[in-house]
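Welcome, and please take a moment with the sequence and the model shown here.

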Amino acid sequence: MSTLSWLFPSRRHAPSPVDGASVLDRLEARLGGPLRGDARVILASQIEVAVQRIRASQSLSTAALIAQRESSRIAAMLPRSFGMAIGTILADELVRGHGHSHAQRN
């Protein structure tokens, strides 16, 4: 029956709301390994704040602008070389999360 789930759209499971932990997991997957130490603590706390700010946006373009600003703010808290390396990746992951949650609302 699961192979025929596309026939019954009402039986599809809605994607879970995006939270900071899922964004951090996707970021670690893209970096190729788990983050450790202070970088993980900073990212975990600040990504949650960024997700809350992005979640409040009504459009994807506004979310993209907020994600870029938030990723720059978070990258500035990290060592320069690491912050520069993850800045665009983090912005991408933050916007990707908004796209899923925005589709859920409509």
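## A first look

Of the 106 residues of the protein chain, 32% count as buried; here buried means under 20% relative accessible area, exposed means over 50%, and partly exposed lies in between, with a 1.4 Å probe and protein chains only. This is a predicted model, in which local features need pLDDT of at least 70 and side-chain atom pairs count only at pLDDT 80 or more, while totals for chains, interfaces and linings use all residues. Residues are numbered from 1 along each chain as its sequence is written, and side-chain values use heavy atoms, with hydrogens and water left out.

The protein chain has four helices and zero strands, so read from the N terminus its order is α-α-α-α, where helices (H or I, at least four residues) and strands (E, at least two) are DSSP runs numbered from the N terminus. Among contacts between residues at least 6 apart in sequence, 69% join residues at least 24 apart, a contact being heavy atoms within 4.5 Å.

## How confident is the model?

The predictor's confidence in each residue is its pLDDT, from 0 to 100. The protein chain has a mean of 81, and 74% of its residues reach 70 or more. Confidence is highest in H3, at 93, and lowest in H4, at a mean of 78. Where pLDDT is low, the predicted coordinates should not be read in detail.

## Two helices with a buried face

Let us start with H1. It has twelve residues and reaches 16 Å from its first C-alpha to its last, close to the 16 Å expected at 1.5 Å a residue; the expected span is 1.5 Å times one less than the number of residues. Buried in H1 are Gly20, Val23, Leu24, Leu27 and Glu28. Seen down the axis of H1, these buried residues fall within an arc of 135°, so they line one face of the helix; the arc is that of the directions from the helix axis to the C-beta atoms. After H1 comes Gly32, with a positive phi near 90°.

H3 has 17 residues and reaches 24 Å from its first C-alpha to its last, close to the 24 Å expected at 1.5 Å a residue. Which residues of H3 are buried? They are Ala63, Ile66, Ala67, Glu70, Ser71, Ile74 and Ala75.

## Salt bridges between helices

Side chains of opposite charge can pair when their charged atoms come close. A search of the whole structure finds eight salt bridges, each a side-chain nitrogen of Lys or Arg within 4 Å of a carboxyl oxygen of Asp or Glu. Three of them are set out below.

| Glu93 | Arg26 | 2.5 Å |

Glu93 is buried, with a relative accessible area of 1%, whereas Arg26 is partly exposed at 22%. Both belong to a network of salt bridges that links Arg26, Arg30, Asp92, Glu93 and Arg96.

Glu28 is buried at 11% relative accessibility, and Arg40 is partly exposed at 32%.

Glu70 counts as buried at 3% relative accessibility, while Arg53 is partly exposed at 42%.

## One more stop in H2

Arg55 also has its place in helix H2, and it is partly exposed at 33% relative accessibility. The C-alpha atoms of Arg55 and Asp19 are separated by 9.4 Å, with the two residues 36 apart along the chain.
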